[in-house]
Amino acid sequence: MNRRFAVRYWVVAVALVAGTVMADLPETFTVVAVTGMAKVQVGKDGPWEQIAVDRSYPFGSKVYVARQSGATVRLSPGNTIEFEAATVATLQAQGKGNSIGVTVELENGEVKVDLKADGKLQVQVQTLTGIAAAKSSAFSVSQWLAPDKITHETSVAGMRGEVQFDGGFAATRGDSIRA
C-alpha cells in the first residue's frame, strides 16, 4: 500500500467513525409526563415557556419544576430522567470518542435517572459539590441549600446498578452518599 493511499484510507475511516458518533449523539429530549407546573427555557436568553407533553426540546435547555409538581423526560427509548418538585436543572449532551453522554447540571432540587441495561448512554449529574455518573443504573441525586443558607448539601442514592460519585465513592441499591 503506498503512502498516499494509506493517508486517504485513514481520513475516510476517521470521517466514518466521527459521523457514526455524531449520528448517535442525541439532539433533543422529549417530555413524557408533567404534573403541576413545569417550564423550560431554550437557550440562555430564551423566554420561559410552559413545558408541553410529547414535545421535544434541544439539549442546552433549562428545566424548572415548581413545588408540588414533577416532570419526566425521555433521553432515548428506555432512558428517562424525573425532575422532582422544586427542581432547576440544565440538560447537556456530549459525545467523546465512542462514548455518548448527557450531563444534568443540577442547580437545586432532585432528579431520578433510570438507564436501561444496554450501557450505551452515560448520564452524569453535576452539582456544586461533585459529579454522580452511571451507565445501566437507576439513581437519584438531590442538592439543597444547607440550613446555614450558604453551603449546599448533595445526596446520591443508588436504586439499581452502581453510581459513582466524584469518581471514587460508589452507591448501589439502597446505599446513599451525602456530601
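**Strands, rings and salt bridges**

Biologist: Start with Tyr64. Is Tyr64 buried, partly exposed or exposed?

Modeller: Keep in mind that this is a predicted model. Tyr64 has a relative accessible area of 30%. Buried means under 20% and exposed means over 50%. Tyr64 therefore counts as partly exposed.

Biologist: How is the aromatic pair of Trp48 and Tyr64 arranged?

Modeller: Trp48 has a relative accessible area of 39%, so Trp48 is partly exposed. The ring centres of Trp48 and Tyr64 are 6.4 Å apart, and the planes stand at 75°. Planes over 60 degrees apart count as edge-to-face. The pair of Trp48 and Tyr64 is edge-to-face.

Biologist: What is the secondary structure of the protein chain?

Modeller: The chain has 179 residues, and 36% of them count as buried. Its secondary structure comes to one helix and 16 strands.

Biologist: Which residue is the bridge partner of Phe29 in β4?

Modeller: Strand β1 covers residues 28-35, and strand β4 covers residues 56-58. The two strands pair in the antiparallel sense over three bridges. The partner of Phe29 in β4 is Tyr57.

Biologist: Strand β1 also pairs with β6. Which residue in β6 stands opposite Val31?

Modeller: Strand β6 spans residues 70-76. Five bridges join β1 to β6, and the two run antiparallel. Opposite Val31 stands Val73.

Biologist: Why is the pair of Phe29 and Phe59 called edge-to-face?

Modeller: The structure holds three aromatic pairs. In the pair of Phe29 and Phe59, the ring centres are 5.6 Å apart. Edge-to-face needs planes over 60 degrees apart. The pair is edge-to-face because its planes are at 65°.

Biologist: How far apart in sequence are the parts that Phe29 and Phe59 tie together?

Modeller: Phe29 is buried at 1% relative accessibility, and Phe59 is buried at 15%. Phe29 lies in strand β1, while Phe59 lies in the loop between β4 and β5. The parts tied together are 30 residues apart.

Biologist: Take Leu91. Which residues does Leu91 contact, beyond its neighbours within four places in sequence?

Modeller: Leu91 is among the residues with the most contacts inside the core. Leaving those neighbours aside, Leu91 is in contact with Phe29, Phe59, Gly60, Ser61, Val63, Val73, Leu75, Ile81, Phe83 and Thr103.

Biologist: Is Thr90 buried or exposed?

Modeller: Thr90 lies in strand β8, residues 87-96. Leaving aside neighbours within four places in sequence, the contacts of Thr90 include Lys62 and Glu107. Its relative accessible area is 7%, and the limit for buried is under 20%. Thr90 is therefore buried.

Biologist: Glu107 and Lys62 form a salt bridge. How many residues apart are they?

Modeller: The closest N and O atoms of Glu107 and Lys62 are 2.8 Å apart. Glu107 is partly exposed at 40% relative accessible area, and Lys62 is partly exposed at 21%. Glu107 sits in strand β9 and Lys62 in strand β5, with a separation of 45 residues.

Biologist: Which residue forms a salt bridge with Asp114?

Modeller: Asp114 lies in strand β9, and its partner lies in strand β13, so the pair ties together parts that are 46 residues apart in sequence. The closest N and O atoms are 3.0 Å apart. The partner of Asp114 is Arg160.

Biologist: What is the N to O distance between Lys112 and Glu84?

Modeller: Lys112 is in strand β9, and Glu84 is in the loop between β7 and β8. Lys112 counts as partly exposed at 28% relative accessibility, and Glu84 counts as partly exposed at 23%. Their side chains meet in a salt bridge at 4.0 Å.

Terms used: Residues numbered from 1 in each chain as written. Predicted model: local features only at pLDDT ≥ 70, side-chain atom pairs only at ≥ 80, totals over all residues. Heavy atoms only, no water. Pairing = 2+ DSSP bridges. Helix = DSSP H or I, 4+ residues; strand = E, 2+ residues; numbered from the N terminus. Buried < 20%, exposed > 50% of the residue type's maximum accessible area, 1.4 Å probe, protein only. Contact = heavy atoms within 4.5 Å. Core = buried A, V, L, I, M, F, W, Y, C linked by side-chain atoms within 4.5 Å. Phe/Tyr/Trp six-rings, centres within 6.5 Å; stacked < 30°, edge-to-face > 60°.
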